[in-house]
Amino acid sequence: MEDLKKPEVFAEYYESVYKQLYRFALCTLGNPQDAEDIVGETVMDAFASIDKLRDPKAFKGWIFKILSNKCKRKLKEYTNKTVELPEHLFSCEGMEERIQVRQAFSQLPEDDRLLISMKVFGGYKSCEIGDIMHMNENTVRSRISRSLGKMRELLK
């Protein structure tokens, strides 16, 4: 068993997933700077708590769980943040529809928003989402389907 406490060994494991971590964070948060920050925080926290990882084979799922939790907290910050938008933004074609979609999306439970973000924006397959989130892939598919159905109802 490799010693993940060694920085060079940890770096090898991190190198195998860093692009996926960033893609996940970017797709979930939609902001490149926040995605970079969250991935950086995730790596620091993961290395600091590497003793908690019992099986190096579980590294990918473990670090994604840390990232997922950090993204959830950041999304909460987004929903609690109010920003005054300039009036000219509302004159853009299709803007009203995008706002309605975002509002419907924000009404979904946090976990469902995360699943949809991974599937729709991140391009992950249900089996990959299941591995990352420690869920059955059929459960992932049904929750995404139900959530998209809820969004359709809210948009009617």
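Trainee: What does Arg143 count as, at 22% relative accessibility?

Mentor: Buried means under 20% relative accessible area, exposed over 50%, and partly exposed in between (1.4 Å probe, protein chains only). At 22%, Arg143 counts as partly exposed. Bear in mind that this is a predicted model, where local features need pLDDT of at least 70 and side-chain atom pairs count only at pLDDT 80 or more, while totals for chains, interfaces and linings use all residues. Residues are numbered from 1 along each chain as its sequence is written, and side-chain values use heavy atoms, with hydrogens and water left out.

Trainee: Which residue forms a salt bridge with Arg143?

Mentor: A salt bridge puts a side-chain nitrogen of Lys or Arg within 4 Å of a carboxyl oxygen of Asp or Glu. For Arg143 the partner is Asp112, with the closest N and O atoms 2.8 Å apart. That pair links distant parts of the chain, 31 residues apart: Arg143 sits in helix α8 and Asp112 in helix α6. Helices here are DSSP runs (H or I, at least four residues), numbered from the N terminus. Asp112 counts as buried, at 7% relative accessibility.

Trainee: At what angle do the axes of α6 and α8 cross?

Mentor: Axes are lines fitted to C-alpha atoms over the stretch in contact, and angles run from 0 to 180 degrees between N-to-C directions. Those of α6 (residues 110-121) and α8 (residues 137-155) cross at roughly 105° and come within 9 Å. That makes the two helices roughly perpendicular, a label for 65 to 115 degrees.

Trainee: Which residues of α6 meet α8?

Mentor: Contact means heavy atoms within 4.5 Å. On the α6 side you'll find Asp111, Asp112, Leu115, Ile116 and Lys119; they meet Arg143, Ile144, Ser147, Leu148, Lys150 and Met151 of α8.

Trainee: How many salt bridges does the structure hold?

Mentor: Nine. One of them joins Lys5 to Asp51, at 3.2 Å from N to O. Lys5 lies in the segment before α1 (7-15) and Asp51 in the loop between α3 (32-48) and α4 (59-80), so the pair ties together parts 46 residues apart in sequence. Asp51 counts as exposed, at 56% relative accessibility.

Trainee: Which residue does Asp111 meet in a salt bridge?

Mentor: Its partner is Lys72, at 3.0 Å from N to O. Here too distant parts are linked, Asp111 in helix α6 and Lys72 in helix α4, 39 residues apart. Asp111 counts as partly exposed at 36% relative accessibility, whereas Lys72, at 14%, counts as buried.

Methods:
Parallel < 35°, antiparallel > 145°, perpendicular 65-115°, else oblique.
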